[in-house]
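Have the sequence and the 3D view open as you read.

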Amino acid sequence: MKNENLYKYILGIADNSLILGQRLGELTGHGPSLETDIACTNISLDLFGQVRSYYQYAAKIAGDNRTEDDIAMLRKEREYVNVLLVEQPNTNFAYTIARQFLFDVYHFLFLTQLEKSKDLTLSAIATKSLKEVSYHQRFSTDWLKRLGDGTAESKEKMQEAIDGLWTYTDELFHQTEADKAMVSEGVGVDVTKLKEAYYEKVEAVLKEATLTVPESKWFQKGGKQGIHTEHLGYLLSDLQYMQRTYPNMEW
Amino acid sequence: MSEEQVKNLEEQFEARIARDEKIEPKDWMPEKYRKTHIRQMSQHAHSEIVGMLPEGNWITRAPSLRRKVALLAKVQDEAGHGLYLYSATETLGISREEMYEQLHTGKAKYSSIFNYPTITWADMGAIGWLVDGAAIINQVPLCNTSYGPYARAMIRVCKEESFHQRQGYEIMIKLANGTPEQKEMAQDALNRWWWPSLMMLGPTDAESIHTAQSMKWKLKRKSNDDLRQQFIDQTVPQAELIGLTIPDPDLKWNEERQSYDFGEIDWDEFWQVVKGHGPMNKERMKARVNAWENGAWVRDAAMAHAEKKQDRKEKKAV
C-alpha cells in the first residue's frame, strides 16, 4: 500500500468510534429513562456515521476493492487498534457515563486539532464530527455531575466507575509509528500535546461533580498495538457475526 | 353539576366532534372519553417502547455499517414516538410513572406482535415491511382523530413509519435478489411474520368490544376487518414483485370483490399471545422492568442533583 501510514492512522482514529458506538448500541431499549436511551442511541449513531466516513476514506487509500464493511467487520482481533478504554463493558450506567466522559474530553481536543490537518478529507470529517462531539461531551459532563453530586449511592457508583476506568486514560496519549509519521507530515495530531489540557479539564469536572481525582499512576496500554482486554473478543463476535456467517454477500 | 348540565355538555361535546373540531386538553370531556384515550394512547406509547426490543436485538449484529446506522436511527425514532405519545397522554391527567406502572404490572397492553422473537437478520426486513406496514394502516386515520394532541403526534409518527416501512421492504428486496441463502432467509421471515401481522389489525369485528364508541370519537375510522383486507390487498403484490410467497394456500384474487380472499386466522394463537403466553411476553416485560428498576438510582440522582442546584441558587439569591 502506497500510503500505509495514512491508512493505519485513519484506523487508529476510526476504531475508537467503531468500538464505542458498538458498546452504546448494546444499550438501546434498556436505558434508565427514555431520554437517556434516546441520547445514548444518538451518540452511537453519530459515532457510526463518523466511522463510515473514515473507513470509506481508508478503503479508497487501500485501493484494493476492500469496502468500509470489510475494514469494520473482517479484521482479526489483533488488527483492531482502538484504545482499551472504549471497549470496556456497560457494567452499569455510571460506567457508561465515565467511559463516555473520559473519551469525549479527549475526542473533542483531538478533533479540534485534526480540523487543522493538511489532509483535507480528515479535516472535513473533523469539522463535521466536532459539532456532534461537543454535544456528546456536554451530555456526559452533565451526567457525571448529576451522578457525582446526586445521592450517596450515585456518588459511590460514579466514583467506582471513574476509579475503574482511570487506568485506561493514559493510553489516549501514546503514539504509534504511523502516528509519528503523520504528525511529521502535518496530517496527524500530536496527541502528547493534548495530555495536559485533558487532565486539566477532566479534573475540573470531577471536582465540580464532588468526586475524587484518582491518584493511581498505574496505567494500562496495548490497544493501539492490537493487544486488547478480554472484552473485545465478545464484542467482535457480535459485530462480525453476519459477515463471517454469510461471507461475500450484499445486504 | 346537575345531571342535566352534564347531559348538555355531552351533547355539545359530541356535536363538536361531529363538526370535526379538535378536543384540546383543557376542554371539558366526558370521563369515558378521557379513559378511553388514556387506554389507547398509552397502549400505543407502550407498543413503541416494547417495540424497540425485538429490533434492538439486532443492532450489534447488523450486517453492514449502512444497515446498522439505519437500524439505530429507526429504533431511536421509536423511542421518540414513545416519548411524544407519553407526553400527549399526560395531557389527559396521568403521569408517565403511572403508565409505566400499568405496563409493568400487565394492566396495560401493548401490541402483541412484539412478543415474537427476531431470530434472523431478515426479521428486520419483515418487521419494517409488514409490521410497520400494518401499523401505518392502523394509524393514518388517527391523524384526523378528535383529540388534538394525539392527532398531531400521529402526523409525525406516520411520516416516520412510512419511511421505516420502505426501509424494511428495501431490506427484503436485497435479500430476495441475493444468494439462495439470503432468499431463503427472507421467505422464512415472511412465513413467520405474515400471520402475526394480520392479527395485529385486531380481532374480527364480531369480537371487537371497542369499535362502535371509538368510531364515534374518530379513534377508529374503519373496522378491523376492513383494515386487514386493505393490508392484504396492498402487501400481496409487493411480495409477488420480489418473488416471495405469502404463506397462505387459500390466498386467491377475488375478481368480483376486487380483493384477495384469504385463509382462516388462528385466533387461538392471537388470544394466547394477548393473554401473556406468547413466545416472548415474559422476556419483553422482564427487559422493561429491569431497565426501569436498574435505572432507579440514576433517576433518583438526577432528582437529588436538581434539588441541590435549586437550593444553591436560592441561597445565592438571599
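**Second largest cavity**

Gly31(A), Pro32(A), Ser33(A), Leu34(A), Asp37(A), Ile49(B), Tyr100(B), Arg288(B), Ala291(B) and Trp292(B) line the second largest cavity. On a 1 Å grid over the protein atoms alone, a cavity is a set of points where a 1.4 Å probe fits but cannot get out, and lining residues have an atom within 4 Å of a point. This is a predicted model, where local features need pLDDT of at least 70, side-chain atom pairs count only at pLDDT 80 or more, and totals for chains, interfaces and linings use all residues. Residues are numbered from 1 along each chain as its sequence is written, chains are lettered from A and ligands numbered from 1 in the order in which they are written, and side-chain values use heavy atoms, without hydrogens and water.

- Helix H2 (34-62) of chain A and helix H11 (281-294) of chain B each give two or more residues to this lining; helices are DSSP runs (H or I, at least four residues), numbered from the N terminus.
- H11(B) supplies the largest share, three residues.
- The volume of the second largest cavity is about 50 Å³, meaning the space filled by probe spheres set on the points, which are joined across faces, edges and corners.

**Largest cavity**

- The largest cavity has a volume of about 100 Å³.
- Its lining includes Glu55(B), Arg67(B), Trp121(B) and His164(B).
- Helix H3 (65-90), helix H5 (122-139) and helix H6 (148-176) of chain B each contribute at least two residues to the lining of the largest cavity.

Terms used. 1 Å grid on protein atoms, 1.4 Å probe; cavity = no way out; pocket = protein on both sides within 12 Å on 5 of 7 lines; lining within 4 Å.
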